[in-house]
Amino acid sequence: GCTGGNTGIEYNQSDVEFKNKSYTCGDLMFLIEMYRLKYPNNPCSSFNPTSNIVNTNEKLSECIEQYLKIGETRWKNGRLIQYILSENNIKGQYPNGANYATELTYLDLSKNEFWGPFPNSLCEIHRKGTLRIAGNRFCPPYPDCFNDNAILLIDLEDMKKNAVCR
């Protein structure tokens, strides 16, 4: 499960064991959120880590296996450090649960249709490494953290024309 509070573990960063590997709960929450957007009618999309909808280890194992198949991932010491999710036909508001993937140094969300308020967590990924966001529909205002990257500024200008702000 995901822990936090007074446990000595950063909120939602406890370990989840699966097939002799350890994954961080917050990183899995990110994968769950992306999976929900891509496959909204799949039974694993109804899993909510805070409500225990999936309440057996067997069912959870089936779902984790599915979550790990979406996009291309790279892990280091149980933390998600790279996630390529480009051209996955994902449409929807960028989920708040994605903010728990705090060790990402490479994220490619390009050529999907994420919309809604621009997630400030993407600034931190940009500061640490590489971010690809072209072809999405995030709403302005956009943060100033991309002012040092001409390509991201062009991407944001293009996004502004097609932004979906609900």
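**Exercise 1. Is Glu 33 buried or exposed?**

Solution. Glu 33 has a relative accessible area of 19%. Buried means under 20%, exposed over 50%, and partly exposed in between, with a 1.4 Å probe and protein chains only. Glu 33 is therefore buried. The structure is a predicted model, in which local features need pLDDT of at least 70 and side-chain atom pairs count only at pLDDT 80 or more, while totals for chains, interfaces and linings use all residues. Residues are numbered from 1 along each chain as its sequence is written, and side-chain values use heavy atoms, with hydrogens and water left out.

**Exercise 2. Find which residues Glu 33 touches, not counting those up to four places away in sequence.**

Solution. A contact means heavy atoms within 4.5 Å. With that cut-off, Glu 33 touches Pro 95, Gly 97 and Ala 98.

**Exercise 3. How many of the 14 residues of H1 are buried?**

Solution. The buried residues of H1 include Cys 25, Asp 27, Phe 30, Glu 33 and Tyr 35. The count is 11 of 14, so H1 is largely enclosed by the rest of the structure. Across the 166 residues of the protein, 43% count as buried.

**Exercise 4. Work out the strand order of the open sheet of 3 strands.**

Solution. Two strands pair if DSSP finds at least two bridges between them. The order is S5-S7-S9, with parallel pairing. S5 (91–93) and S9 (137–139) are the edge strands, each pairing on one side only. From one strand to the next, the twist averages 10°. S7 (residues 113–117) and S9 pair over 3 bridges; Trp 115 has Arg 137, in S9, as its bridge partner.

**Exercise 5. How many helices and strands does the protein have, and in what order do they run?**

Solution. The protein has 4 helices and 9 strands. From the N terminus on, they run β-β-α-α-β-β-β-β-β-α-β-β-α. Among contacts between residues at least 6 apart in sequence, 46% join residues at least 24 apart.

Key. Helix = DSSP H or I, 4+ residues; strand = E, 2+ residues; numbered from the N terminus. Axes fitted to C-alpha atoms, helices over the stretch in contact; angles between N-to-C directions.
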